[in-house]
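Look over the sequence and the model shown below before reading on.

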Amino acid sequence: MMQPMRLRLRRQGRASPLLCLSAAILAAALLPGAAVADGVTPSEARLLRDEVKDMFYHAFDGYMQHAFPLDELRPLSCQGEDSLGGYALTLIDSLDTLALLGDKERFAAGVEWVGKNVRFDINKTVSVFETNIRILGGLLSAHLIASDYATGMEIESYDGQLLHLSVDLAQRLLPAFDTPTGIPFGSVNLLYGVDDDESKITSTAGGGTLTLEFGVLSRLTNNTVFEQVAKKSVRGIWARRSKLNLVGAHINVFTGEWTQKDAGIGTSIDSFYEYVLKAYLLFGDEEYLYVFQEAYKAAMHYLHHDPWYIEVNMNSGATVWPLFNSLQAFWPGLQVLAGDVDPAIRTHAAFFSVWKKYGFTPEGFNLATSTVQNGQRSYPLRPELIESTYWLFKATRDYRYLDVGRDILASLQYAAKCPCGYCHISDVETHKQDDHMESFFLAETVKYLWLLFDLAVGPDNIVENGPYKYIFSTEGHLLPATPEITLVDEHCLYFGDRGYGSGDGSSIQQSANCAQFDERRTVSSQNSLSNVLFTTRGYIKEFVQD
Ligand code: DMJ
């Protein structure tokens, strides 16, 4: 029998309305009997995992039948729409989920179709951020799975075409980085570069969410330019942090002035925090660890009102928005990766209490009034809460997180399922459906739900049992910590002479000479962890010790 979650509400003086609300909501959600009745048993977990698989195919087949090769599905009217660039976005975003589910046939067919049909020499102006996380990340993860026998999903006929497409795409994004700060423009035309009238204002997430995909691409191709521009962008943002070590939400990429000074962990900033930690985990670059430590300490000091997070002015620390926004829900998962599990447990419980109240999390929930924030009433099938649920289950093996997963699945099945897929919810109070299905539903939401229940059953997937540790990109794409990517043998692979474009394709194969894990790097990473501010054993330690 599970015990009610331990509540520890720390009085901080500054935010008493939030604390009252926390107590009320948490009590409502966590009182015995208020949550789901019985805990999920292992045999039920198996059924739930299979139900999630059916959910995936209802949506994926709906997309393939009614929308492909357009970008996204309109699941109510059973049509398609081009939303990002017109290159089968949902298929590309779904490829590694297909591989994770062990669907070799559809994975191979998808990889082959993309390799043969997708082109980026098109006159389209696209978001650098979205194109990077959804398209480049999707291509790279599929390439890494399809080209590697050890994944069990290798495609024998695969010729590296997705890597070539990745290089082509990333090169078309490069003109966006030609700014005085190194922080890229928000959008770029794939054929002509940055439009003359392109806005010079971009978000912190836009400039800080490139390191994983660009770094992996550099390391697979021996072309350091991608990794360099991504790092310069992070440095450009971090150099402009406030004295409190906070970053704002929007910045002018030419002047470096913050045009929106609200600091927070959610909208417009979220994955900046995520990528500095994950770039350290994947690449072992301690500059990113340092940035993460400083940024995280400041966030916990100025933004954290246990268990909630608020937005404050980055310079003064004064509260500007006592709001929960749905993108914040990735944070407990990130805290698990960092080894700071206790506050993650409390925050996840608070966020889940909002889900329980409405059946979904609204985009905005006002912590002062305890109501849905006007204009932020929708739930567009976002993954963040289930992502954190997965990480917390992984860290604690507390079966309460399976109950959470079951609740989330039930809400999706009951209110979001629609004729050809799953619909956005336009208002969490009325549950009215909206004719849209973002590609991240298949790349992330369904993936994390499936991983949660598979873990409970006794995992049978490449993330848990595969040949490498995997880092998930912010779009849920699987990026493996292969020696080639973690650069355990720098001289052999990165600074060597087997540059991309040598013509023999050898640069995308792992050299036998470079297959050994470099003990020195592993040890040095472990030592650096003694400086990490966290005390709870977490994934970060597990990751570098394995
Ligand atoms: C996804 O594209 C990514 O998770 C991104 O970091 C935030 N927005 C969506 C999901 O909500």
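## The ligand and its surroundings

How far does a polar side-chain atom of E444 lie from an oxygen atom of the ligand? The distance is 2.8 Å. Here a polar contact is a pair of N or O atoms within 3.5 Å; within protein, one must be able to donate a hydrogen and the other to accept it, and residues adjacent in sequence count only if both atoms are side-chain atoms. For T474, an N or O atom of the side chain is 2.7 Å from an oxygen atom of the ligand. For E475, the corresponding value is 2.6 Å.

The residues around the ligand are I133, L327, R382, P383, E384, F440, E444, T474 and E475.

## About the model

This is a predicted model, in which local features need pLDDT of at least 70 and side-chain atom pairs count only at pLDDT 80 or more, while totals for chains, interfaces and linings use all residues. Residues are numbered from 1 along each chain as its sequence is written, and side-chain values use heavy atoms, with hydrogens and water left out.

## Annotated positions

An unreviewed UniProt entry gives the annotation "active site" to E130, D270, E363 and E384. UniProt positions follow the numbering used here, feature names are shortened, and annotations may be inferred rather than shown by experiment. E384 is also one of the residues around the ligand.

E130 is in helix α5, residues 128–146. Helices (H or I, at least four residues) and strands (E, at least two) are DSSP runs, numbered from the N terminus. E130 counts as partly exposed because its relative accessibility is 22%. Buried means under 20% relative accessible area, exposed over 50%, and partly exposed in between (1.4 Å probe, protein chains only). Leaving out residues up to four places away in sequence, E130 touches L84 and I135; contact means heavy atoms within 4.5 Å.

E363 sits in the loop between α13 (341–358) and β14 (364–366). With a relative accessibility of 18%, E363 counts as buried. With residues up to four places away in sequence again left out, E363 touches F324, N325, S326, Q376, S378, P380 and R382. R382 is also among the residues around the ligand.

## A helix and a sheet

Helix α15 (residues 400–416) has 17 residues and spans 23 Å from its first C-alpha to its last, close to the expected 24 Å. The expected span is 1.5 Å times one less than the number of residues. Helix α15 is largely enclosed by the rest of the structure, because 14 of its 17 residues are buried.

Three strands form an open sheet in the order β8-β11-β12, with antiparallel pairing. β8 (262–263) and β12 (319–321) are the edge strands, each pairing on one side only. Two strands pair if DSSP finds at least two bridges between them. Two bridges join β8 to β11 (residues 311–313), and A263 stands opposite V312 in β11.

## Backbone details

A cis peptide bond joins F68 and P69, with omega about 10 degrees. P69 is in the loop between α2 (42–66) and β1 (72–74). D306 and P307 are also joined by a cis peptide bond, with omega about 10 degrees. P307 is in the loop between β9 (304–305) and β10 (308–309).

S370 is not a glycine, yet has a positive phi of about 60 degrees. S370 is partly exposed, at 21% relative accessibility.

Key: A residue is near a molecule or strand if one of its heavy atoms lies within 4 Å of it.
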